[in-house]
Amino acid sequence: MVNLEWYRTFKSVYKNGNFSKAAKELFISQPAVSQQIVMLEAHVGYKLFNRKSKGVEPTEYAKLLNNLIIEALDRLESVENGFREKAFSSNKLVSVGISKHLFASIGTQLISKFELIDFTFGENDELFSLVDDKKIDFAIVTKKFDTFDTIQKSLGKIKQILVSSSDLDLSQVQSAIKNDNLQALENWLNQQKWYNYDARIPHVKLFWLHVFDKKRPSMVSNYIIPSESEMLATLAENSGVSIVWNINAKKYLSENKIQLLWNSSKMPETEVFLLARKNDTLNSILDEVKDEISAYVLS
């Protein structure tokens, strides 16, 4: 029985000349690529690739097979893309990529806009690849990409701020901030319980670099919760401090479930973008989506 995924994998390996690059393009593991090629070779009865020091080289049988299937595969992919565009047009079915840390704030704004949404969590580079490969319709990213086949619209700027649970007495730390006593402030912060969403604490390191002019913070993470929205919900019910996006903290601050500890002027803002592939059907509503999300980001 013919397995179309074998041929998709074959096409990618043939084009890239490398199993690892094919795996990255197809968003599957390298062993899965190897296994599918082995199964295709068993199915057609010929060896298709010879291994080299830096990748693989197609055999004459592979060249013949590529000539036979490439046109059919291209037509199939064209049908798939056409179906997605028609489904989008008739049902407003959209696939959206977003960081899991921004989903609770920006992502939920889209739910009121569309009847059908397929969300994918990922970071900037991964989301760009998904949009560029036409695997999702658009993405929310915090990095500028410059390519011919995609468009990028600014949604506004967000910023990382220092927050605390509502039970902490901030008089001492606010005095240190007012007097620009960074050493006293850092000493106080080091004594608190810290909530982070990544054990590597890249966001904390960035905050310390800009605000304290230090490459390495001396604080210790007490709790690692791999989602900023869940982390904020947990902080609101317990005691401690954290560095979060202001857009995510907005709701908790307005409801007095957490406190704003410090919005430092030294911490730069980060621009948020709507990244999408060039598509007349999709582009017709991008400005509408942009305006709605921008209004939330800037409010």
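**Note on buried residues, salt bridges and overall form**

1. Arginine 277 has a relative accessible area of 8% and is buried. The model is a predicted one. The residue sits in strand S12, which covers residues 270–277.

2. What does arginine 277 pair with? Its partner is aspartate 137, and the closest N and O atoms of this salt bridge are 3.2 Å apart. Aspartate 137 lies in the loop between helix H6 (124–132) and strand S5 (138–141), so the pair ties together parts of the chain that are 140 residues apart in sequence. Aspartate 137 has a relative accessible area of 2%; buried means under 20%, so this residue counts as buried.

3. Side chains of opposite charge can pair when their charged atoms come close.

4. Lysine 214 is in the loop between helix H9 (202–211) and strand S9, while glutamate 186 is in helix H8 (residues 182–190); the two are 28 residues apart, and the pair links distant parts of the chain. Is each end buried or partly exposed? Lysine 214 is partly exposed at 31% relative accessibility, whereas glutamate 186 is buried at 3%.

5. Another salt bridge is formed by the side chains of arginine 200 and aspartate 198, at 2.9 Å from N to O. Arginine 200 is exposed, with a relative accessible area of 61%. Aspartate 198 is buried at 14%.

6. Where does serine 227 sit? It is in the loop between strand S9 (221–224) and helix H10 (228–237). Apart from neighbours within four places in sequence, serine 227 is in contact with Lys100, His101 and Tyr197.

7. For the whole protein, the secondary structure comes to 12 helices and 12 strands. Of the 299 residues, 43% count as buried. Among contacts between residues at least 6 apart in sequence, 68% join residues at least 24 apart.

8. The radius of gyration is 24 Å, whereas a compact globule of 299 residues would have one near 19 Å. The C-alpha trace spans about 75 × 45 × 30 Å along its principal axes.

9. The accessible surface comes to about 16,100 Å², and carbon and sulfur atoms account for 49% of it. There are 37 positive and 37 negative side chains, and the centres of these two sets lie 4 Å apart.

Definitions and conventions: Residues are numbered from 1 along each chain as its sequence is written. This is a predicted model: local features need pLDDT of at least 70, side-chain atom pairs count only at pLDDT 80 or more; totals for chains, interfaces and linings use all residues. Side-chain values use heavy atoms; hydrogens and water are left out. Helices (H or I, at least four residues) and strands (E, at least two) are DSSP runs, numbered from the N terminus. Contact means heavy atoms within 4.5 Å. A salt bridge is a side-chain nitrogen of Lys or Arg within 4 Å of a carboxyl oxygen of Asp or Glu. Buried means under 20% relative accessible area, exposed over 50%, partly exposed in between (1.4 Å probe, protein chains only). The radius of gyration is taken over C-alpha atoms; the globule rule is 2.2 Å times the number of residues to the power 0.38. Accessible areas come from the Shrake-Rupley method with a 1.4 Å probe; for residues, only the protein chains shown count as cover. Lys and Arg count as positive and Asp and Glu as negative; His and the chain ends are not counted. The place of a charge is taken as NZ of Lys, CZ of Arg, CG of Asp or CD of Glu.
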